[in-house]
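Here's a quick tour of a two-chain contact and a few of the pieces around it. Have a look at the model first, then read on.

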Amino acid sequence: MLRVFWRVVIGLVILAAVQLAAAPVGFRGWRPYLQTPRLQVNLGLDLQGGSHIVLEAQDTKELKVTAEAVDAAMEVIRNRIDQLGVVEPTIQREGERRIIVELPGVEDPQRALRIIGQTALLEFVNTASQSLPEGATWNAAGTVVTLPDPEKKTIPLKKEVVVTGANLGDARAAFEGGQVNTGQPIVTFQFKGPGAKKFEEFTGSHIGQYLTIVLDNRVISSPVIQGRITGGSGQISGRFTLEEARELAVLLRAGALPVPVEVLERRTIGPSLGRDSLDLSLRAGAIAVVLIITFMIVLYRFPGVLADVALLLYALFLFAALATLRATMTLPGIAAFVISVGMAIDANVLIFERIKEELRAGKTLRAGIQSGWDRAWSAILDSNVTTLVGAAVLFVLGTGPIKGFATTLFIGVLISMFTAIAITRMLVNTASRPPLERYLRFGV
Amino acid sequence: MRTWDIIGNRRWGYLLSLFVIIPGVVALYVWGINFGIDFTGGTLLNLRLGREASLDQARATLRPFGHEDAVIQKSPESPREILVRTRPLSEEQVAAVERAFAQQYGGTEVLRAERVGPTIGRELRQKAIQAVILGLLLQVVYISIRFRSIRFAIAADIALVHDLLVVIGIFALTRKEVDSSFVAVLLTVVGYSVNDTVVILDRIRENVNLRLREPFDRLVNRSMLEVLVRSLTTGFGAIVALIVLYFFGGPTLRDFVFGLGIGVITGTYSSILVASPVLVEWQRLIDRRQRRPTEVAETASVPELAAVGGNTLPARRRRSRRRR
């Protein structure tokens, strides 16, 4: 009776694992329907293509990097990425001042990087009678302006900020005079709240003077104030391409980063390389598994078949576990899978060799199986724990794909211990009764 | 069954180990490790061009950008692909290089573009060293606890250092580039090597606990032969899987799999011809200290080992308890 109970339990566990790993049954609300099974494991950037970016927040004169500043920066970056239309980006904080951004399947990583990494602090500066050319830059302290090539001259000029981009409500790319074909691309903006009022007052009282528009300390344009600007809307015309105007509009809508960030690391895997790697490694993994399965059958015959059944269940459980934990499968992760298949057969080899010895020593089949299992146990435990230790260290200290490797290895070794011990044992015990027992020879 | 005297021939093993390790160590000393951009910082561009470009042509394309020191590689299997490694470039520079290649060779597709700042590289190197040392330490601790003997742990550890030297040495000899996944290779090798050694040590422990009156070196030899089939079977299975990955797993995985393969071979080898002989040598040393001038190993008996190493393991007791 108890035996039947356990068989039902194991059957249910296997069904659940199939559902978790490949989802052959989908759900609309509570109504189930059949669908094409697909592996439910997240693919890492190295397998689906995409960009991995590490940013580090930098201290400025006025502002030291704080946890709040980094959090705020992450929020701004998230807003910007949302505008890029990236599906399922991840933005994580690492340590005190680092931000890790992962963008799956980005078409133009350089554009993404420009948008993510720019501080995008927009300032409207009162330069009174001084017109500044495009490309002139202020120093960080805001006291000296360097003119662009060819002059390269520096002039002392205090940066007197009237309003900043923080007061903007909206920004859009448009064409000058609404002429799509002939007009120069511009960015129109709309101030909100007190910013609008301040802007109106300032423009009213400084007619004829220059209001220089500065982005990240670099002059975009230096227009003359023609008259009082009411309603808080205005436009920025630099020498933009439409693309640049759009990017600037995105940056202004998402807001400026509270602290500047530096790109420490950028890794992009093109979509075709990712797909190739996935196809090749899956094929190689499948070939390796088939070879190992054949190898076990050649070596142990019927017990080898039992070990192979356990091995296939092992693969199923592993993928179910990875899917449940929402772990990411990376290229090294697939290698880890193949290695852990090797470890999974190792447990079986240890047990079978031990049973063989016990049988050679003259024990009966049942007794030999029992004592073989008992004696192999300490070797299996010790050898697996040492691998687990290595995987744990890699998980803690590794990043990106290496973490994926460690995760797969760790979970793989745990599950392989379970299948080797519980599943193979159950199968062998079942087979050690008539009529199957005469096939259980273990090569003796 | 014919019995092989592995322990008696262990000196050949030492010779073979030295034969592999010494050139590796010399290469390590002379050339050092060929660190990739993961560790040094730099830019890597892997492009698929519209049409084939020779290495000289590619170098000529790069020249206007002043990257004389860039390393350019091609693989014979995919002639339209090139791999450029250089010091860290800004995003604008990377874009300019991509454009130049696209113009001259009928378009490009970016397969891989990586830029690693020098700080990240330095950190990664530190972390890698930390990871390997931490991994080694934790495993020694685990073995010491499980075997209740520092001697077994040290034997396993010497085998481990042997394996790491072999793998690192061969990478230095072949000038293969070492990237962040090399750390994973090293730790997996550590895991595999210990795993394999532990299986043999486990059998030695078991036979020691049987307390048969048998010279220690005979006992070690017998234990090794008893588990030899499993060692070779598992090692063979792992190698088969790795060979398949090497040839069919695509170029990205190749160095990674190569390192693992070396590790599996040396890991299997070292449990038999390094770890176990170390135990025997140790025993001989103890015997010699106790002034038994001749035939030390032959007369050394197991209880002494137990006395010195504290090898009175309750393993059997525990086992019988479980058996009820």
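Two strands count as paired if DSSP finds at least two bridges between them. With that in hand, and bearing in mind that this is a predicted model, start with a pairing inside chain A. Strand β1 (residues 25–28) of chain A and strand β2 (residues 31–34) of chain A run antiparallel, with 4 bridges between them. Val25(A) has Leu34(A) in β2(A) as its bridge partner.

| Strand pair | Sense | Bridges |
|---|---|---|
| β1(A) and β2(A) | antiparallel | 4 bridges |

Now for the contact as a whole. It draws 56 residues from chain B and 53 residues from chain A. On the chain B side, the elements giving two or more residues include β5 (108–116), α5 (118–147) and α7. Which element gives the most to that side? That's α7(B), with 12 residues. Sorted by class, the chain B side has 28 nonpolar, 16 polar and 12 charged residues.

So what does helix α7 (residues 181–210) of chain B look like? Its 30 residues reach 44 Å from first C-alpha to last, close to the 44 Å expected at 1.5 Å a residue. α7(B) is mostly covered, with 26 of its 30 residues buried.

Technical notes: Residues are numbered from 1 along each chain as its sequence is written. Chains are lettered from A and ligands numbered from 1 in the order in which they are written. This is a predicted model: local features need pLDDT of at least 70, side-chain atom pairs count only at pLDDT 80 or more; totals for chains, interfaces and linings use all residues. The expected span of a helix is 1.5 Å times one less than its number of residues. A residue is buried if 20 or more other C-beta atoms lie within 10 Å of its own, exposed if 12 or fewer, and partly exposed in between; C-beta atoms are placed from the backbone. Two residues are in contact if their C-beta atoms, placed from the backbone, lie within 7 Å. Ala, Val, Leu, Ile, Met, Phe, Trp, Tyr, Cys and Pro count as nonpolar, Asp, Glu, Lys and Arg as charged, and the others, Gly among them, as polar.
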